[in-house]
Amino acid sequence: MSSSKQTQISKITAIIPPFVRGISLRLDLAAQGLLMLLCMGMAVDIMLQVFCRYVLNYSLFWSEELGRLLLVWLTFIGASVAYKRGVHVGVGFVTERLPRKLGYLCLLVAHLASMMLFAVMLVHGWKFMLMLASQMTVSLGVSKQVPFMVIPMAGGVMLVHGACFFMDTLAEWRK
């Protein structure tokens, strides 16, 4: 890597406090681990249900609800991992055709809009989860807070990632 490229990278990373980047990295690693566990749990749930239904001729009454809960968690945790990796659908072809500064300005606006959505997920997801404190799921018998707590969690994680993306883009825009 050339020294000018290293200087550019160090200027970009200098604008982001290291602890914010570290938090983002650790949250992403935790999300990836949780995603792996959720996938394995869902696979075991499905295999167990198929085995019981077709081999033992007995249907597990809780299996469908557990699968649905795991799918909800997979969706939101997977969204945070996808966001960190930058693999969500975007309109890069538009910003790539714009002048450099204007393209970065559009990215800044997009990051701000995303962070606003993530803040809404965090705040209102938390409020909604608290409203469900007295309700229980039918088959599993756990609080309905469990399936819904992933919404504020994912919102918070994506808010941290969005702040890092925003600061990176801001550093590029200032060049």
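The second largest pocket holds about 180 Å³ of space. This is a predicted model: local features need pLDDT of at least 70, side-chain atom pairs count only at pLDDT 80 or more, and totals for chains, interfaces and linings use all residues. Residues are numbered from 1 along each chain as its sequence is written, and side-chain values use heavy atoms, with hydrogens and water left out.

A pocket is an open set of points on a 1 Å grid over the protein atoms alone, where a 1.4 Å probe fits, with protein on both sides within 12 Å along at least five of seven lines; lining residues have an atom within 4 Å of a point. Points are joined across faces, edges and corners, and the volume is the space filled by probe spheres set on them.

Which helix gives the most to the lining of the second largest pocket? H3 does, with four residues. Helix H6 (145-148) also supplies at least two. Among the lining residues are Glu-65, Arg-68, Lys-144 and Phe-148.

The largest pocket is lined by 22 residues. Nearest its centre lie Tyr-83, Gly-90, Leu-107, Ala-110 and His-111. Here H5 gives the most, with eight residues. The table sets out both pockets. Its classes are nonpolar (Ala, Val, Leu, Ile, Met, Phe, Trp, Tyr, Cys and Pro), charged (Asp, Glu, Lys and Arg) and polar (the others, Gly among them).

| Pocket | Volume | Lining by class |
|---|---|---|
| Largest | about 600 Å³ | 13 nonpolar, eight polar, one charged residues |

Just after H3, Gly-86 takes a positive phi of about 75°.

Now the whole chain. Its secondary structure comes to seven helices and zero strands. Helices (H or I, at least four residues) and strands (E, at least two) are DSSP runs, numbered from the N terminus. The chain has a radius of gyration of 21 Å, whereas a compact globule of 175 residues would have one near 16 Å. That radius is taken over C-alpha atoms, and the globule rule is 2.2 Å times the number of residues to the power 0.38. The C-alpha atoms fill a box of roughly 65 × 35 × 30 Å along the principal axes.
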